[in-house]
Amino acid sequence: MSGYRLAMREAVKYIKNNLLVSADELGDDVLLNACRTSMASKILGPESDFFAAMAVKALTSVKSVNNEGKARYPVSAVHILKCHGRSALESELVDGFALNCTRASQQMPTRIDGAKIALLDFDLKRHKMQMGVQVVVNEAKEVEGIRQREQDITKERIEKILESGANVIMTTKGIDDLCMKYFVERGCIAIRRVKKEDIKRLARATGGTVVVTLADMEGNETFEASNLGTAETVQEERVGDGELIYLRGLPTQRAVTVVLRGANDYMLDEMDRALHDSLCVIKRVLESNSVVAGGGAVETALSIYLDDFATTLGSREQLAIAEFAEALLVIPKTLAVNAAQDATDLIGKLRAYHNTAQQSPEEKANLKYSGLDLMKGKIRNNLEFGVVEPAISKIKSLRFATEAAITILRIDDMIKLAEPQQQGQGGMPPGMM
């Protein structure tokens, strides 16, 4: 275990001192290249140029600066919306927040400027008495009075929300016809059954608060104007076979939406996962500002370095570090096998390139970026060809994998419970024969 930890520390040190490249040195294309590398083995691989440009534009447009003055790129501010139909290349990037919902009624306006948004997490339905409450009446007129009072309570609730200035109402639950009538009369947009995760994102982006109940501390029902979120425009637009709600000009946080188009749910889910991975890669590159060459270059270089380092030790850690170095070659071997290439031949050549680079660091410096070209089945300088990965991800992967291996090695005893004897088994106990 101490040998693994020593190998991990030496590997991280070697990456930082020799293999790490500043993103500023590689220019603006480094983000696109890192994004293409992430998409290469996924469903978006054939259209990686199109989606890489979209992902980079999406994440750079939601840039924010924290209290320490550091730039942050929140992936949560990029909303990914899946919409059936058309080609994947007809996916689009929308400046704003999009919801896969529609207006509750066709009589409501399709666009509202200067929107004030009420975000609710309760039903907007006709008020009914609680379960277990019993009212005894003697005349039919009194029943009608009870029904009228129920309607009045519902109207008062709606009026409290509208009097706060709200002209767009979103709720995670339903809206019945009685409530809808009041919203239509006031020219508001009401949207029902919004997903909970969407309404929480909207609360962060619009500066509003999700209201769970109208009850206040004194037992009355109120709706404060401070709970409202704001947006420059809220508009319903037709996309494909359905309509989407777009919110633009959000105050607290820039938000963008990627509307993915595809043939079916399975394809859209795969596209969503691939795009999310790419957004995380771009975030890592932008925030750490450093990359390393991909295609097995880092693992092979570390394997050669740790092999040499192990021979300098006279303790038993030498064996652990040598095995650690051997294990790193699994990654380039797997890459070669998955591409239907001769793994033995390619890994042999790759090790020779990196050995030369470490033996002659000044004359053959560029050979340390050598990696696999799996399309042509040869070795090339992957840094020049734009196959790059975030350095911080590579370092963290090494650390986490080493800790996981050490945790498994700590288990030296296994306690196994004996199987319980079945009841009613015949036979005499041992020693009685």
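**Exercise 1. Backbone angles in loops**

Task: Asn289 lies in the loop between helix H8 (265–288) and strand S14 (290–293). Describe the phi angle of Asn289 and that of Ala340, and classify each residue as buried, partly exposed or exposed.

Solution. 
Step 1. The model is a predicted one. In it, Asn289 has a positive phi of about 60 degrees, although Asn289 is not a glycine.
Step 2. Asn289 has 29% relative accessibility, so Asn289 counts as partly exposed.
Step 3. Ala340 is placed in the loop between helix H11 (330–338) and helix H12 (343–359). The phi of Ala340 is also positive, near 60 degrees, in a residue other than glycine.
Step 4. Because its relative accessibility is 71%, Ala340 counts as exposed.

**Exercise 2. The end of a helix**

Solution. 
Step 1. The buried residues of H7 are Asp198, Ile199, Leu202, Ala203, Ala205 and Thr206.
Step 2. Just after H7 comes Gly207, with a positive phi of about 85 degrees.

**Exercise 3. An open sheet and a helix across it**

Task: State the strand order of the open sheet of 3 strands, and identify the strands that stand at the edges.

Solution. 
Step 1. The order is S1-S14-S17, and the pairing is antiparallel.
Step 2. Strand S1 (21–22) and strand S17 (388–390) each have a single partner strand, so one side of each is left without a neighbour in the sheet; these two stand at the edges.
Step 3. S14 and S17 run antiparallel and are joined by 3 bridges. Ala293 has Val388 in S17 as its bridge partner.
Step 4. Helix H3 (residues 29–39) lies across S14 and S17, and runs at about 95 degrees to S17.

**Exercise 4. A serine inside a helix**

Task: Is Ser303 buried or exposed, and which residues does Ser303 touch, not counting those up to four places away in sequence?

Solution. 
Step 1. Ser303 belongs to helix H9 (residues 297–310).
Step 2. The relative accessibility of Ser303 is 0%, so Ser303 counts as buried.
Step 3. With residues up to four places away in sequence left aside, Ser303 touches Ala325, Leu328, Leu329 and Arg351.

**Exercise 5. Salt bridges**

Task: How many salt bridges does the count come to? Examine the pairs Arg103 with Glu236, Glu243 with Arg238, and Lys394 with Glu299.

Solution. 
Step 1. The count comes to 20 salt bridges.
Step 2. In the salt bridge of Arg103 and Glu236, the closest N and O atoms are 3.1 Å apart. This pair links distant parts of the chain, 133 residues apart: Arg103 is in the loop between strand S6 (97–99) and strand S7 (111–120), and Glu236 is in strand S11 (residues 229–239). Arg103 is buried, with a relative accessible area of 7%, and Glu236 is buried at 12%.
Step 3. For Glu243 and Arg238, the closest N and O atoms are 2.4 Å apart. Glu243 is partly exposed at 26% relative accessibility, whereas Arg238 is exposed at 57%.
Step 4. Lys394 and Glu299 meet through their side chains at 2.8 Å, N to O. Lys394 lies in helix H13 (residues 391–409) and Glu299 in helix H9, so the pair ties together parts that are 95 residues apart in sequence. Lys394 is buried, with a relative accessible area of 12%, and Glu299 is buried at 5%.
Step 5. A network of salt bridges links Lys82, Asp269 and Asp272.

Notes:
Residues are numbered from 1 along each chain as its sequence is written. This is a predicted model: local features need pLDDT of at least 70, side-chain atom pairs count only at pLDDT 80 or more; totals for chains, interfaces and linings use all residues. Side-chain values use heavy atoms; hydrogens and water are left out. Buried means under 20% relative accessible area, exposed over 50%, partly exposed in between (1.4 Å probe, protein chains only). Helices (H or I, at least four residues) and strands (E, at least two) are DSSP runs, numbered from the N terminus. Contact means heavy atoms within 4.5 Å. Two strands pair if DSSP finds at least two bridges between them. Axes are lines fitted to C-alpha atoms, for helices over the stretch in contact, and angles run from 0 to 180 degrees between N-to-C directions. A salt bridge is a side-chain nitrogen of Lys or Arg within 4 Å of a carboxyl oxygen of Asp or Glu.
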